[in-house]
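Dear colleague,

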Amino acid sequence: MLFASDCRSFPERAKRQISSPRQPSGESLSLVRAAGSPSYNKQTFQAHVRTAFAWSCATPARPEEKSILATIEVPRDLDAILDAAWEAARNVPGYLMESEARLLGTIAACAPTTGAIVEIGSFKGKSTVMLAKVAAHYGLGNIVAIDPHNSPELLDPAASSFQDFLNNIETAGVSSHVEVHRAYSQDVSSGWNRPIRFLWIDGDHTYQGAKTDFDGFFPHVLPTGVVALHDALNVFSGPIRVFVEDILRSDEFGAAGFVHSIAWSQFRPRDGKLFHRQRAQLERVAERLIPFVKDDQALHGLTKLRFKLNRSRVPRKAVRPQEWVSLLNRAPQA
Ligand SMILES: C[S@@+](CC[C@H](N)C(=O)[O-])C[C@H]1O[C@@H](n2cnc3c(N)ncnc32)[C@H](O)[C@@H]1O
């Protein structure tokens, strides 16, 4: 029996829950979740995931082992499920482009581990609906949706997004798939003790806010899970700084990228080093944005133009599920 005790940043309680026979080194592991496959069910998937996780933590990272430890197959019906989820989410007021919503759905469906999907910042429920539709279809558990819904800057109860949020998740038919926390993220993270497969940060975009969200929940993200931050390419200091400083510069993370304004990366404490060069390339273009957004102030004139010029150097086009999964599966030379 192997206990995944060598995974840093992994909560003790979750470590004790996961054990699995060691896999032969270099062998690729197929994590098949094709919906409609007669042999697939939730237990099978969870057993695969436990094995994938334990293996990713246990396999020695020898230089010749450049193969990626888990091969994820995209569910056959994912495109159709993303279409349906976006159809439900598109008319919900909010701040999410279609390409971003599809990325969220893809991550929720394909992140190769177990645990909760945690959303910080729900507003009226646009991303909540997108995630919950996908999670409901694949039996991934409830979306943990955290938001005080109190328009913190305005302190105006009449401006609360809460009733609209409840109405929108009800209309989308996902109320029973959302765990609602009408609370500040730090009040939830202080008592949080569950493993996380996907941490979606879209709350307070100041540096202190985003850093607090990341520090509060990241210790619970499982190896091979994913962290994503919204508005990393807009004029906010938090998401881009956390992404560059805590993620792109860390060898505990693997593949990373941007889609529109979402920055995402996979947590790979065991073999993230293999992705060092890819992260460093992204870091070089992304870090140039930090001085422009450090004060969280709107930009004007020449400064705005220079910001946009620098931002244009950051690759951020939409990705299809198969492309996204192949980024995770393929280790570029470090
Ligand atoms: C950009 S909106 C979220 C948009 C939403 N994800 C969507 O898809 O439309 C930011 C939200 O974060 C919430 N927020 C601000 N500070 C927060 C905090 N400390 N914890 C949780 N939510 C917070 C705000 O109330 C607001 O509703």
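The notes below go through helix packing and salt bridges.

Please keep in mind that this is a predicted model, in which local features need pLDDT of at least 70 and side-chain atom pairs count only at pLDDT 80 or more, while totals for chains, interfaces and linings use all residues. Residues are numbered from 1 along each chain as its sequence is written, and side-chain values use heavy atoms, with hydrogens and water left out.

Two packed helices are described by the angle between their axes and the distance between the axes. Helices here are DSSP runs of H or I with at least four residues, strands are runs of E with at least two, and both are numbered from the N terminus. The axes are lines fitted to C-alpha atoms, for helices over the stretch in contact, and the angles run from 0 to 180 degrees between N-to-C directions.

Helix α9 (residues 237-248) packs with helix α10 (residues 276-286) at an angle of about 150°, and their axes are 10 Å apart. That makes α9 roughly antiparallel to α10, since angles over 145 degrees count as roughly antiparallel, under 35 as roughly parallel, 65 to 115 as roughly perpendicular and the rest as oblique. The crossing of these two helices, α9 and α10, is left-handed (the near helix is turned anticlockwise from the far one by less than a right angle; clockwise would be right-handed). From α9, the residues Ile240, Phe243, Val244, Ile247 and Leu248 meet Arg279, Leu282, Glu283 and Ala286 of α10, where contact means heavy atoms within 4.5 Å. Sorted by class, this contact of α9 with α10 has seven nonpolar, no polar and two charged residues (Ala, Val, Leu, Ile, Met, Phe, Trp, Tyr, Cys and Pro count as nonpolar, Asp, Glu, Lys and Arg as charged, and the others, Gly among them, as polar).

Is Arg279 buried or exposed? At 0% relative accessibility, Arg279 counts as buried (buried means under 20% relative accessible area, exposed over 50%, and partly exposed in between, with a 1.4 Å probe and protein chains only). Leaving aside residues up to four places away in sequence, Arg279 touches residues including Ile247, Leu248, Arg249 and Asp251.

Arg279 also forms a salt bridge with Asp251, with the closest N and O atoms 2.9 Å apart (a salt bridge is a side-chain nitrogen of Lys or Arg within 4 Å of a carboxyl oxygen of Asp or Glu). Because Asp251 lies in the loop between α9 and β8 and Arg279 in helix α10, the pair ties together parts that are 28 residues apart in sequence. Asp251 is partly exposed, at a relative accessible area of 28%.

The structure holds 16 salt bridges, and another of them joins the side chains of Glu287 and Arg249 (2.7 Å, N to O). Glu287 lies in the loop between α10 and α11 (290-293) and Arg249 in the loop between α9 and β8 (253-259), so this pair ties together parts that are 38 residues apart in sequence. Glu287 is partly exposed at 30% relative accessibility, and Arg249 is partly exposed at 43%. Elsewhere, Asp83, Glu98 and Arg102 are linked in a network of salt bridges.

Finally, helix α4 (residues 98-110) and helix α13 (residues 321-329) have axes that come within 10 Å and cross at roughly 55°, and the two are therefore oblique to each other.

Best wishes
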